[in-house]
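Dear colleague,

Please find below a structure that I am passing on to you.

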Amino acid sequence: MTSLVPIAPPGTAPGTAEPGSDPRAGLSGVRLDEVGAWLASAGQPPYRARQLADAFWRGHARVPADLRGLPAALQAAVGESFVLDTLIETELQLSDGGLTEKALHTLADGSLIESVLMHYPARAGHRERHTACISSQVGCAVGCPFCATGELGFGRDLSTAEIVDQVRWAARRLSSDGRRLTNVVFMGMGEPLLNLDRVLEAVSALADAARFGLGARHITVSTSGVVPGIRRLTALGPQFTLAVSLHAARDPLRDVLVPLNRRWPVAEVLAAARDHAASTGRRISYEYTMIGGVNDTAADAEALAVLLRGDLAHVNLIPMNPVAHTPWTASPMPVIEAFAARLRDAGVPVTIRRNRGQEIGAACGQLAAEHAGEPPVAAVARRRERLVTASAAAIRGERSVDPSPVRESGEEA
Ligand code: SF4
């Protein structure tokens, strides 16, 4: 038998070759045909690729992935060329009586990312669900001021394997007592459509019956409104459920709450989302974080109703998570219920979402922010003051004159 030698690994994605990082590719981010090519280059028969893929993806919920049964030389070569897990679980916090599990993971270059596993017990007419909320980037360039990740700024894109391995982490947690992951949502750290190539590769691995085997209908990707990314997805056809983080229906306020709005305003985002719904036949989810006294008035509800009336759309109202360094808090529940009633009266489907894991800082980025350390008191005070001033001007209808945080190419400005 020809012995296997380590070669330049396939599937190495941008972002994995950071200083100090492991140069090997994460095996979960490598396509089966790439694995086959790697094996063929080492003189291995074609059936070895299937053997390796079967062993890895069948045992993917174990650490390390169970490669028993493969020839020792093949196992050793895999270890020299590939990393079986790109994440190290660094912190785990449970809340809501164990229904919410939040993990902080360390990557090979020392970057920190978060993922959350949420359990939804069975209820009348609904089977139990287990949803992993995962990250697509280290930090985020968009800078939404109600989000702890936005305050961290942008670090780098995640590789395909670093995205998929968050889902494998969740599956592993569940497999210990015989449960299975049912849903994946890309609503953790980062803007998925600014790392769209890697996100699409990860979705392929998750949806592929020969690999993770999760149906594409059980995958939701959220965007803060990257219009070129939405249009690219529309051209590709239905890949997963698309969620748009709207948070305000009027441009002045959305300029402040979702700074990307200064590049792609509400009308452009809605036009792209509508085209996507029309072309794919799939309903768009609109996420709307309810911030007390900022975006929760009757006028805001009316503007949202006018925007979405008649669309293939569903609105999720989410009470704002308590986030340090903002002057804001969640809208009171009666205000949220009145807001929902206005939308319902206008014929717009709406659900009020429960906050998960408030006591552990479920809002994405909070654990990583704690590890980054507390900013100086004076800087926090200035940030709060800036937000109060900017939101007051927005409520008066004044557009922001600040530049967009992201350029057309998706690079940080
Ligand atoms: S809410 Fe999403 S898009 Fe906005 S800063 Fe946070 S991670 Fe980025």
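Two strands are said to pair if DSSP finds at least two bridges between them; strands are DSSP runs (E, at least two residues), numbered from the N terminus. This is a predicted model, in which local features need pLDDT of at least 70 and side-chain atom pairs count only at pLDDT 80 or more, while totals for chains, interfaces and linings use all residues. Residues are numbered from 1 along each chain as its sequence is written, and side-chain values use heavy atoms, with hydrogens and water left out.

Strand S12 (residues 284-290) pairs in the parallel sense with S11 (residues 241-245) over 3 bridges, and Ser285 of S12 lies opposite Ala243. S12 also pairs in the parallel sense with S13 (residues 313-319), over 7 bridges; there, Leu317 is the bridge partner of Tyr288.

In a regular strand, side chains alternate between the two faces of the sheet. Both faces of S12 are covered: Ile284, Tyr286, Tyr288 and Met290 on one side, and Ser285, Glu287 and Thr289 on the other, are all buried (under 20% relative accessible area, 1.4 Å probe, protein chains only).

The largest nonpolar core has 114 residues, and Tyr286, Val315 and Leu317 have the most contacts inside it. Such a core is a set of buried Ala, Val, Leu, Ile, Met, Phe, Trp, Tyr and Cys residues joined through side-chain atoms within 4.5 Å. This core draws at least three residues from each of domain 1 (25-83) and domain 2 (89-395), with bounds from an automatic or database domain assignment.

Yours sincerely

How values were computed: Buried < 20%, exposed > 50% of the residue type's maximum accessible area, 1.4 Å probe, protein only. Helix = DSSP H or I, 4+ residues; strand = E, 2+ residues; numbered from the N terminus.
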